[in-house]
Amino acid sequence: QYAFTQSDLSPVQLDQITAAAQILRTGGIVAFPTETVYGLGADVTNPVAIEKIYKIKQRPIDHPLIVHIGNISHLHYWAQAISDSAWKLANHFWPGPLTLILPRSNRIPDSVTGGQGTVGIRFPAHPVALALLRALGPEKALAAPSANRFGRISPTLAAHVHQELGSTVDMILDGGACNVGLESTIVSFHDEIPQILRPGSITLLELEAALNNSVILAHHINNQSIRTSGSLPAHYAPMTPLRVYSNTQIWQQAFILAEKNLRVMVITWSNTNKPEFSNQFIEQFSMPEDPVAYGRQLYAKLRQFDQAEFDYMLIESPPDHPNWLAIADRLQRASYHSPDNN
Ligand code: TXA
Ligand code: MG
């Protein structure tokens, strides 16, 4: 799924990557594609560049950044006291959409981790990201949060980065649409049993199978002990109020709003209970029934509908199944500020 070769890149892309590496070396900021979402990259060893990232994102300075590496052998350069479980997951899932939270080495500046003793590390599986890391050279890595303003929807296309951050970044590398579409699964090894701090496309069951041991899902909403921005109850949010309803309630709610002349976007996946008649205030969109395809499209669709000036977006609650956990998590946070949510 994540296989690639250097030859997948065109000569133009390779030239742009060389230019991007030069910008990063001199303390600039480059947005780049990964298989999950677009990242906003800076040289991890340059505190001035790191500061720029927080400023561009308008992100509180105590929310740590993920460090992206281009080779598994670099892991112990940036982290230390790496447990057997952590190595197992790294060997099994990297390159791929998995971030490991580990004790940091002294090469990681304080500003990258928000002063915490741990660092999040990820070896991404995208030809452009990997070529960029290779061009940067040894003893370098990319500190990169998702390339959106704090609390907003992560970008899955270069155009999204352009719309949201435009001229505030020095360069945007275009690698097309992100294949996964949701941010990486984050696993912490702070306790004996590994914990998922943020669910992603690599599922709990896949992690357990790779470890041949149990993994738990951290119930991090309202838990302020570990500062992950993705763990704030409100995050990944569109501007349009978004509410999540079961399939049995969603149409009823849509008609209540339409009666008040409010424009409603109804986003479903199951396509049951769809009313026979139409309403001028209500539009409907069917998402894929498969969680992988759904995850790939979710953010782009939320952005698209956000720009269409609906008064509300109503989303059908996802199936109560482990493979839908990452989607359920993002929808819950995206809907947090909308009143009457259930
Ligand atoms: O898929 C991804 O992970 C994307 C791409 C660009 O790699 N990156 C991403 O970064 O989602 P960001 O900054 O938007 O989210 C990173 C999450 C945040 O919730 C952050 O707080 C958490 O990782 N994090 C980073 N370092 C951490 C640490 N030392 N301890 C706990 N959480 C950490
Ligand atoms: Mg983010």
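Pro95 sits in the loop that runs between helix 4 (84-93) and strand 4 (98-103). In this predicted model, the peptide bond leading from Trp94 into Pro95 is cis, with omega near -5°. That's worth a second look, because most peptide bonds are trans, and most residues other than glycine have a negative phi.

Gln58, in the loop between helix 2 and strand 3 (66-68), isn't a glycine, yet it has a positive phi of about 55°. Glu139, in the loop between helix 6 and strand 6 (142-143), is another residue other than glycine with a positive phi, this one near 60°. Are these residues buried or exposed? Gln58 has 10 other C-beta atoms within 10 Å, and the cut-off for exposed is 12 or fewer, so Gln58 is exposed. Glu139, with 10 C-beta neighbours inside 10 Å, counts as exposed by that rule too.

Zooming out, the protein is built from 11 helices and 14 strands. Its radius of gyration is 20 Å, close to the 20 Å that the globule rule gives for 342 residues, so the protein is as compact as a globular protein of that length. Along the principal axes, the C-alpha trace spans about 60 × 45 × 35 Å. Of the 342 residues, 46% count as buried. Among contacts with a separation of 6 or more, 68% come from residues 24 or more positions apart.

The chain is split into domain 1 (6-231) and domain 2 (242-334). Taken over C-alpha atoms, the centres of the two domains are 29 Å apart. Where they touch, domain 1 supplies 15 residues and domain 2 supplies 14 residues. On the domain 1 side of this contact, there are seven nonpolar residues, eight polar ones and no charged ones.

Then there's the inside. The largest nonpolar core holds 95 residues, and the members that touch the most others are Ala31, Val67, Leu100, Leu132, Ala143, Leu173 and Leu314. Helix 6 (residues 127-136) gives the most to this core, with seven residues. Both domain 1 (6-231) and domain 2 (242-334) give residues to the core, so it lies between them. Which residues does Val67 touch? Leaving out residues up to four places away in sequence, the answer is Val44, Trp78, Ile108, Val112, Val119, Gly120, Ile121, Ala141 and Ala143.

Leu197, for its part, lies in strand 9 (residues 195-198). Its 21 C-beta neighbours inside 10 Å make Leu197 buried, since the cut-off is 20 or more. Leu197 and Leu100 are 97 residues apart along the chain, but their C-alpha atoms are separated by 9.9 Å.

Helix 7 (residues 158-165) has its own buried set: Ala158, His160, Val161, Glu164 and Leu165. These residues cover an arc of only 155° around the axis, which puts them on the same side of helix 7. What covers them includes strand 1 (30-32), helix 2 (47-57), strand 7 (171-172) and helix 10 (291-306). Just after helix 7 comes Gly166, which takes a positive phi of about 30°.

How values were computed. Residues are numbered from 1 along each chain as its sequence is written. Chains are lettered from A and ligands numbered from 1 in the order in which they are written. This is a predicted model: local features need pLDDT of at least 70, side-chain atom pairs count only at pLDDT 80 or more; totals for chains, interfaces and linings use all residues. A nonpolar core is a set of buried Ala, Val, Leu, Ile, Met, Phe, Trp, Tyr and Cys residues joined through C-beta atoms within 7 Å. Helices (H or I, at least four residues) and strands (E, at least two) are DSSP runs, numbered from the N terminus. Domain bounds come from an automatic or database domain assignment. Two residues are in contact if their C-beta atoms, placed from the backbone, lie within 7 Å. The arc is that of the directions from the helix axis to the C-beta atoms. The radius of gyration is taken over C-alpha atoms; the globule rule is 2.2 Å times the number of residues to the power 0.38. Ala, Val, Leu, Ile, Met, Phe, Trp, Tyr, Cys and Pro count as nonpolar, Asp, Glu, Lys and Arg as charged, and the others, Gly among them, as polar.
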